[in-house]
Amino acid sequence: MLALRIVGFDGLYGQDSYEYLRYANAIQTYITDGIHPGNYFWPVLYPTLGSLLGFLFGSTAFALQLISCLSFSIACIYIYKTIRLLYPKTDFRFYYVLIFGVFCPFLLKMGLIVMSDALTLVFVVLAFYFFFKSYYKNTSLAPIFIFATCALMTRYASIFITFPIIVYTLYLIWKRKQFIQLGIAALLSIFVSIPFLIFQWNALFEASSNPFLKMWSVSNFFQSSFTTQDGVTDYTFPNFIYTLYLFFHPGFIFLGSILSVITLRNYKSLFSFHQKILLICSALYIFFLAGIPFQNPRVLGLVFPLILIVLFPAFVRLMQLKYIKQLVIALGIFFVALQLFFFSMTFKLIFERTIIEKELETMIKPYENNTLYSFDVDLAMQGRGLNFEYKNMFLERYEKFQPNDLILFDSERYQTQWKDKTPMQNWEFIEQNYQLKILETHPEGWKLYRIIQKK
């Protein structure tokens, strides 16, 4: 993380990232000045922690990225501890987690960007670790509820991963008569939910209004093209194949296909209690994602630690083959190098986007204190502290513009996905009705225009 910051990457990438930053800053304002940050579309635990840690470091953006970095690190530790708990007499545990956990391209990316993914990931992993620890060693059941609540307060969709173990834990509480633990868990879970109750009191059930959730359908399992509020998106594979990326995509586990075949050939190992739980939880989440009209490996990544644990016995069998066992060190070095190559491929676009946003910031900074119409990059400019009166071309149709108003837009970039949608409708209206002067041009296509007068 520190190395990337030296070369210019600060973890801020895309609209979601800047929205987390905006709300974390708004929470800081609430703490210092009492101005309510307003309702929030996503859970608030991540920006709340970022705002608190931001006071310590003097930078909310750094605090949010650090949370992701630490969360990813702790998640990897507890993936290892979970495998050690479930397979106490097995070799290659550290070797396996190092290669396919620490250097997993998509998970490593989670640990480097300002996004709630890594924080949700660690809470999911901790919930499962304490579930299996309680089941096999009769330890406290309270942490399961607490970490499942933390995951929910960080990413609503995590409920589809943790719901089966929550139900089974309730059964264990009844069986063991450990109702005091349930009371402790309830109190601590309410404490974790306090930020949500404070900031979302006027919109407690807004999560159910998610447009993607409303468009959930089994028919989406077999589609690869979707028209949503985000325009038209076309993917290579239908949703049900995309959800199986967890088992074979190099961004997750490049040996996944081989390990999956070994696992199926030794299918009896899947009948153990922990394997059944892991598969049920994974299947429920995968079933949910397959019905959502979009595809994003970020979202899939939340359940990948469970798949990683499921495939571990197959990896052990593979490594015990005579010729492979003789090359353990050499293969380890090769596998890590290969993972870093895959990581560089998936991280390249993120790194380049961040650099472009910083270049756009520099490009338009001399024109501050004007009205700026923009789309896609407007949150980045706002998050980076530029002083404009921002007008988002996605949120509404505009028909009255003033001379000297500025427009930051790349019409070629958006003409397919956003055809006949608000951003392109606004741009086409401006182009048809106003004389424009190009003030600045970025090599990647964005142009800064000034409105001269009406045609």
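## Charge and surface

The mean positions of the 37 positive and 27 negative charges of the protein lie 18 Å apart. Lys and Arg count as positive, Asp and Glu as negative; His and the chain ends are not counted. Each charge is placed at NZ of Lys, CZ of Arg, CG of Asp or CD of Glu.

This is a predicted model: local features need pLDDT of at least 70, side-chain atom pairs count only at pLDDT 80 or more, and totals for chains, interfaces and linings use all residues. Residues are numbered from 1 along each chain as its sequence is written, and side-chain values use heavy atoms, with hydrogens and water left out.

The protein exposes about 21,100 Å² (Shrake-Rupley, 1.4 Å probe). Carbon and sulfur atoms supply 63% of that area.

## Overall fold

The protein has 23 helices and seven strands. These are DSSP runs numbered from the N terminus: helices are H or I with at least four residues, strands E with at least two. The C-alpha atoms fill a box of roughly 75 × 55 × 45 Å along the principal axes.

Of the 455 residues, 53% are buried. Buried means under 20% relative accessible area, exposed over 50%, partly exposed in between (1.4 Å probe, protein chains only). Among contacts (heavy atoms within 4.5 Å) with a separation of 6 or more, 70% join residues 24 or more positions apart.

## Helix α15

Helix α15 spans residues 256-265. Gly256, Leu259, Ser260, Ile262 and Thr263 are buried there.

The face turned away from the buried side carries exposed Leu264 and Arg265.

## Phenylalanine 132

Phenylalanine 132 sits in helix α7 (residues 117-137). Its relative accessibility is 0%, so it counts as buried. Beyond neighbours within four places in sequence, its contacts include Leu85, Phe273 and Ile277.

## Positive phi

Most residues other than glycine have a negative phi. Asparagine 138, in the loop between α7 and α8 (142-152), has a positive phi of about 60°. Asparagine 369 has a phi near 70°. Asparagine 369 lies between α20 (328-364) and β3 (371-374), and is exposed at 62% relative accessible area.
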